[in-house]
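Have it open while you read.

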Amino acid sequence: MKTIECKDIHFSYKAGFLRHYRVLKGLSFDVDQRGIYGFLGINGSGKTTTIKLLNNFIKKDSGTLTIFGFDAQDIKARAYIGYMPENPSFYVYLNAKEFLTFISRLKGVHKPEIKERIDILIKLVGLERHADMPISKYSRGMSQRLGLAQALIGDPELLILDEPMANLDPIGRRVFREIFFKLKERGKTLFFSTHIIPDVEMICDKVGILMDGRIAKEGSIDELLSSHIEYIECVIKGKEAGLFAERHKAHTLSVTMQTDTAIIRFTDKKFVDTILKDIVGSTVKLSSLEEHTQSLEDIFVHEAGRA
Amino acid sequence: MKKASIIALNTLKEAIRNRIVYAVMILMLLGLLASQLLTPLTMGEQIKVIQDFSMTFINFFSIIVTVFVGTSVVRRELDLKTIQLILSRPIHRYQFIIGKFLGMVLLDIIIIFIMGMGVMLNIFLINKSVYYSMWYFHEIHYIAILEAIAFMALQLILINAVSVFFSAITSSAVIGALFTFFLYVVGMFTQNLNDLLKMVHKSYITWIIKIIYYAVPNFSTLDLKNEAIYGIIPNINQALFLFSYVVLYTGFLLIVAILIFENKEIR
């Protein structure tokens, strides 16, 4: 069973009495169990709208959206979710412990376990020294840490995280990354919305690039990168390296000579076999052969330009 | 019901930690103390004036607290987006609305209890200090005053339902509070609308007045302050009727608020 199944979702916001602003235009994607899914998109592409649909804050116009097989509007789906909003707001008259106790009770955590679990979570996100301080005194980074702690209450199977690392300092980012990896190891699913590409590259197993209300590209990081080969670079060495490069010039993108070294660049993968066979029958030696792919950022910018 | 009670207790905690509530409650207690200053000005009607002043004073301020806190408890959740952290849990939206309403009802009961005790003590002390004869002491109808105070609590519960209703349909706490207060003022004059009906002969105006008369909650019937001063206690049937009226009207408003809130976009 998929953790999230999203099929042909359409959603529009009302803009005035008769006008509608279409945000999602046939959004479809699946999130497998266990692993981290990066939901990447520019501002206004529909990331937060999708997250609101998953949490049943808004209702879709059409399409199917399920969480562990339950319709996203079904209260049973909520039992599986831990949600962390982009800029979490809390009851400022409470402290972190009081707030987490309140959320634990709403989540239905067994009463005798609440205190122990809260202590573990507070330690996990690094809020031990501030746990009794009123939330009104919290910095943005501290609020972000509390936001993650409250999402982890009840040990949910699916974590929906909206820009979770946006307000964190480098230490906080590392703490969060380590928590995410630990959760993944424990078999949890993380649905991670962001527009910070290095975070996605470092953390996510699978990425969906959302553009203009639809998934423009989807796959694992390796799949996405390997499908966007910029060129293949072959470095050969030997006295006849120049002649060798000259022989194959017709199939290359460029040839660069440096004394006894030739750097040959080409785009056609089939040409790799030809060049390797030719090297075997000649006096030149193969120094390196590597694919140069576009970065995730290049792919993202390319897709954004197409949308 | 368990989840609604968790929301209710949190709402009560929020209200109790609200400085405005404290400020108004202190103001109410100071007002009750200040009422003792009125005694020399009342020319032989001291006890009646003090009773009237004390009850009107706490009635007015408890309504102010209820209207403003009542409309903000739901609206603030939407404006500050704290509601997102609640509704992303396995909780129905109706449980949220009922919880918020019950939390406010608990606050009303606490305010009315403390202030009611204050009123009773105030009247008792003034009665002791002004008159020492048992004849005057018996002029105060403590049971009737207690009953009037209990009906004040019912009035507040109904105002709460109105404020929750307006919180669900308006986009600002201030607008919600203004509508609630306006409806309360109209509701205090519904008896006058009935009198107006006798004077108006045009059929469509009669209909409009009738619609307003029946649609607007009749807060004036829950105001038993004057009756309490003269020791008039509503009989059990009247009391049950008024209690049922509050329960039904509150239930109706909460159901409409829930239906609206079920389809509300949480942004």
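1. A salt bridge here means a side-chain nitrogen of Lys or Arg within 4 Å of a carboxyl oxygen of Asp or Glu. Glu157(A) and Lys188(A) pass that test, with their closest N and O atoms 3.2 Å apart. The pair ties together distant parts of the chain, 31 residues apart. Glu157(A) sits in the loop between helix H5 (140-151) and strand E7 (158-162) of chain A, while Lys188(A) is in the loop between helix H6 (170-185) and strand E8 (189-194) of chain A. Do keep in mind that this is a predicted model.

2. Counting over all chains, the structure has 21 salt bridges. How many are there between chain A and chain B? The count there is 1. Arg17(B) and Glu98(A) meet through their side chains in a salt bridge, at 3.1 Å from N to O.

3. On to polar contacts across the interface of chain A and chain B: the rule finds 11 residue pairs, with both partners at pLDDT 80 or more. On the chain A side, strand E1 (4-14), helix H2 (75-78) and helix H3 (96-107) each supply at least two of the residues that touch chain B. H3(A) gives the most, with 7 residues. By class, that side has 16 nonpolar, 4 polar and 7 charged residues.

4. Now the overall size of the interface. Chain A puts 27 residues in contact with 27 residues of chain B. Between them the two chains bury about 2800 Å², and 59% of that is on carbon and sulfur atoms. In chain A, the residues losing the most area to chain B are Phe57(A), Tyr93(A) and Leu106(A), which together make up 27% of what that side buries.

5. Have a look at the surface of chain B too. A nonpolar patch there has about 1100 Å² of accessible area in total, and its members include Ile16(B), Tyr22(B), Leu30(B), Phe113(B), Met117(B) and Ile233(B). Helix H2 (19-34), helix H5 (93-130) and helix H7 (142-169) of chain B are the elements that give two or more residues to the patch. Tyr22(B), for one, is found in helix H2 of chain B.

Technical notes: Residues are numbered from 1 along each chain as its sequence is written. Chains are lettered from A and ligands numbered from 1 in the order in which they are written. This is a predicted model: local features need pLDDT of at least 70, side-chain atom pairs count only at pLDDT 80 or more; totals for chains, interfaces and linings use all residues. Side-chain values use heavy atoms; hydrogens and water are left out. Contact means heavy atoms within 4.5 Å. Buried area is the accessible area (1.4 Å probe) that two parts lose on being put together, summed over both. A polar contact is a pair of N or O atoms within 3.5 Å; within protein, one must be able to donate a hydrogen and the other to accept it, and residues adjacent in sequence count only if both atoms are side-chain atoms. Helices (H or I, at least four residues) and strands (E, at least two) are DSSP runs, numbered from the N terminus. Ala, Val, Leu, Ile, Met, Phe, Trp, Tyr, Cys and Pro count as nonpolar, Asp, Glu, Lys and Arg as charged, and the others, Gly among them, as polar. Patches are made of residues with over 30% relative accessible area and no salt bridge: like charges are joined within 9 Å, nonpolar side chains (Val, Leu, Ile, Met, Phe, Trp, Tyr) within 5 Å. Accessible areas come from the Shrake-Rupley method with a 1.4 Å probe; for residues, only the protein chains shown count as cover.
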